[in-house]
Amino acid sequence: KRWDSWKVTDASSNNVTVTDGKITMPASNVTVTAQWVDACSSSITISKGSETNGTFTLGTTGSVCIDGGNASTTVTCSPNTHYHVREVTSTGGGSVSGSGNSWTVSNIGANTTINVTFEEDTKYTVIFKNAGTQVSSKQVYANEAIGALPEKGTMESCDDTSTTFMGWTTATISEKTSTAPTYVTAETEVDHDNFVVNAVWAKEE
């Protein structure tokens, strides 16, 4: 036999919770009984791998008795900002299930190290064009705000120096119009790759 835990009961035979080997003393005498289990004839070690671009915790680590069956552990992940869990693996075999930041590795029958691979979130390319010609570009995380927009800088207008740079739009303006387009702002969401933004110029006539 091997010692497993302490069982504590009060004077009315109600269980008293034991946390880290300690109890909150009830308003009565208590009885403390050692709990014994059969000695373990087969055990494995569950270890945690290194952490890059995020952290994770295992529900079970260290030496685990597997008499009469295999072991399992939960895996709780915390990716860094703009990262997500790509995969959870077990070097000693077993079945991995789950999604997002909550996973379980079950049917572990050999020493194993649990590893979590964190992958950077998808980025989309934003292309800024002036009169159909690309003048700059930037990358933005998918479905996030476009952020800072280019200033006029040294761009030449699509007409002549008497025109005024108004801003940027996702609309394609192929000819002169008196209708103002919908302008892109720093808060505009980039919802697809190769997101084209066109310069808008105005001229009084």
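The questions and answers that follow concern a predicted model.

Visitor: Which residue in β10 is the bridge partner of threonine 73?
Guide: Strands of a sheet pair through backbone hydrogen bonds, either parallel or antiparallel. Here strand β7 (residues 71-79) and strand β10 (residues 102-108) pair in the antiparallel sense, over five bridges. The partner of threonine 73 in β10 is valine 105.

Visitor: Is serine 90 buried or exposed?
Guide: Serine 90 belongs to strand β8 (residues 83-90). A residue counts as buried when its relative accessible area is under 20%. The value for serine 90 is 16%, and the residue is therefore classed as buried.

Visitor: With which side chain does serine 90 form a polar contact of 2.6 Å?
Guide: Leaving aside residues up to four places away in sequence, serine 90 touches Val105, Thr112, Thr113 and Ile114. The polar contact of 2.6 Å joins the side chain of serine 90 to that of threonine 112.

Visitor: How many residues lie between β12 and β13 in their hairpin?
Guide: Strand β12 (residues 123-130) and strand β13 (residues 133-141) run antiparallel and are joined by eight bridges. One of the bridge pairs is lysine 123 with tyrosine 141 of β13. In the turn, alanine 131 has a positive phi of about 55°. The number of residues between the two strands is two.

Visitor: How many residues has the largest nonpolar core?
Guide: The residues with the most contacts inside this core are Ile46, Val75, Cys77, Val88 and Val116. Cysteine 77 counts as buried, because its relative accessibility is 4%. The elements giving two or more residues to the core are β4 (43-48), β5, β7, β8, β10 and β11 (112-120). The residues of this largest core number 17.

Visitor: Which cysteine is joined to cysteine 40 by a disulfide?
Guide: A disulfide is a covalent bond between the sulfur atoms of two cysteines. A search of the whole structure finds one disulfide. With an S to S distance of 2.3 Å, the partner of cysteine 40 is cysteine 65.

Visitor: How many residues apart in sequence are the parts that cysteine 40 and cysteine 65 tie together?
Guide: Cysteine 40 lies in the loop between β3 and β4, whereas cysteine 65 lies in strand β6 (residues 62-65). Cysteine 40 is partly exposed, at 28% relative accessible area, and cysteine 65 is also partly exposed, at 32%. The parts tied together by the pair are separated in sequence by 25 residues.

Visitor: What is the handedness of the disulfide between cysteine 40 and cysteine 65?
Guide: The torsion about its S-S bond is about 105°. The disulfide is therefore right-handed.

Visitor: How far apart in space are valine 37 and isoleucine 23?
Guide: Valine 37 is found in strand β3 (residues 30-37) and is partly exposed, with a relative accessible area of 27%. In sequence, valine 37 and isoleucine 23 are 14 residues apart. From C-alpha to C-alpha, their distance in space is 22 Å.

Methods: Residues numbered from 1 in each chain as written. Predicted model: local features only at pLDDT ≥ 70, side-chain atom pairs only at ≥ 80, totals over all residues. Heavy atoms only, no water. Pairing = 2+ DSSP bridges. Helix = DSSP H or I, 4+ residues; strand = E, 2+ residues; numbered from the N terminus. Buried < 20%, exposed > 50% of the residue type's maximum accessible area, 1.4 Å probe, protein only. Polar contact = N/O pair within 3.5 Å; in protein donor to acceptor, adjacent residues only side chain to side chain. Contact = heavy atoms within 4.5 Å. Core = buried A, V, L, I, M, F, W, Y, C linked by side-chain atoms within 4.5 Å. Disulfide = S-S within 2.5 Å.
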